[in-house]
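I opened my notebook to jot down what I looked up in this one. Here are the entries, in the order I made them.

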Amino acid sequence: MENRTFYNEILIDHNQHPGHKYELEGANLVLEGVNPSCGDDIFLHLKVEDGKIVDGTFVGDGCAISQASADIMLDLIIGKSTEEAKRLADIFKRMIHGEISEEELDELEEAGALQDIAHMPARVKCAMLGWRTMNEMLEE
């Protein structure tokens with residue numbers, strides 16, 4: 001129970017005090033991500049140089065889970081290569097479906113707070129919004 005409380009605190013903190021929720025000047029990749037089932041809508045901004053994500057932000061509106069997940073994702077991927085960011089997105093998606101190892105869970109750091117979201121199927125798309133948007137952006 002203590003872990004669940006800790007994870008809830010992580011989500012609340014990232015939702016109420018997001019470190020990456022603002023317009024990013026100099027972003028060279030911008031993509032809108034929409035979750036029509038509940039109205040979540042974000043614009044993800046990344047600054048990528050030489051295959052490395054050097055900065056990233058988001059703006060938009062949505063539920064606490066979508067906003068916290070996007071902020072947590074940016075904490076994790078800034079400073080990583082685009083390939084590493086896509087790999088982490090894959091791990092995150094597999095975590096949601098209960099298909100990762102403990103080592104992979106550790107790699108996700110605070111994003112592991114969303115591990116139990118699979119028990120709330122209506123919220124899976126909320127948690128995945130930022131990650132899906134980032135993946136689509138880096139595939140183009």
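Where is the kink in helix 5 centred, and of about how many degrees is it? I found it centred on Leu 129, at about 50 degrees. The bend at a residue is the angle between axes fitted to the seven residues ending there and the seven starting there. Helices here are DSSP runs of H or I with at least four residues, strands are E runs with at least two, and both are numbered from the N terminus.

A note on ground rules. This is a predicted model, where local features need pLDDT of at least 70 and side-chain atom pairs count only at pLDDT 80 or more, while totals for chains, interfaces and linings use all residues. Residues are numbered from 1 along each chain as its sequence is written, and side-chain values use heavy atoms, with hydrogens and water left out.

**Entry: helix 5.** I checked its length next. Helix 5 has 19 residues (121-139), so at 1.5 Å a residue it should span 27 Å, and its end C-alpha atoms are 26 Å apart, which agrees. The expected span is 1.5 Å times one less than the number of residues.

I then looked for its buried residues (under 20% relative accessible area; exposed is over 50%, partly exposed in between, with a 1.4 Å probe and protein chains only). Among them are Val 124, Cys 126, Leu 129, Trp 131 and Met 134. Their cover includes strand 1 (29-35), strand 2 (40-49), strand 3 (52-61), helix 2 (64-77) and helix 3 (82-96).

**Entry: the core.** I looked up the largest nonpolar core and got 40 residues, with Leu 46, Phe 92, Leu 108, Trp 131 and Met 134 having the most contacts inside it. Helix 5 supplies the largest share of this core, 9 residues. Such a core is a set of buried Ala, Val, Leu, Ile, Met, Phe, Trp, Tyr and Cys residues joined through side-chain atoms within 4.5 Å.

What does Trp 131 touch, not counting residues up to four places away in sequence? I listed Ser 69, Met 73, Leu 76, Leu 88, Ala 89, Phe 92, Leu 108 and Ala 111. Contact means heavy atoms within 4.5 Å.

**Entry: helix 2.** I noted that 12 of the 14 residues of helix 2 are buried, so it counts as mostly covered. Its end C-alpha atoms are 20 Å apart, which agrees with the 20 Å that it should span.

Helix 2 packs with helix 5 at an angle of about 35 degrees, their axes 8 Å apart. Axes are lines fitted to C-alpha atoms, for helices over the stretch in contact, and angles run from 0 to 180 degrees between N-to-C directions. On the helix 2 side I saw Ile 65, Ser 66, Ser 69, Met 73, Leu 76 and Ile 77. They meet residues of helix 5 including Arg 123, Leu 129 and Trp 131.

Gln 67 also lies in helix 2, and I count Gln 67 as buried because its relative accessibility is 4%. Leaving aside neighbours within four places in sequence, Gln 67 is in contact with residues including Asn 15, Lys 21 and Phe 58.

**Entry: positive phi.** Most residues other than glycine have a negative phi. I wrote down Asp 50, not a glycine, with a positive phi of about 50 degrees. Asp 50 is in the loop between strand 2 and strand 3 and counts as exposed at 86% relative accessibility. Glu 109 also has a positive phi of about 50 degrees. Glu 109 sits in the loop between helix 4 (102-107) and helix 5, and is exposed at 56%.
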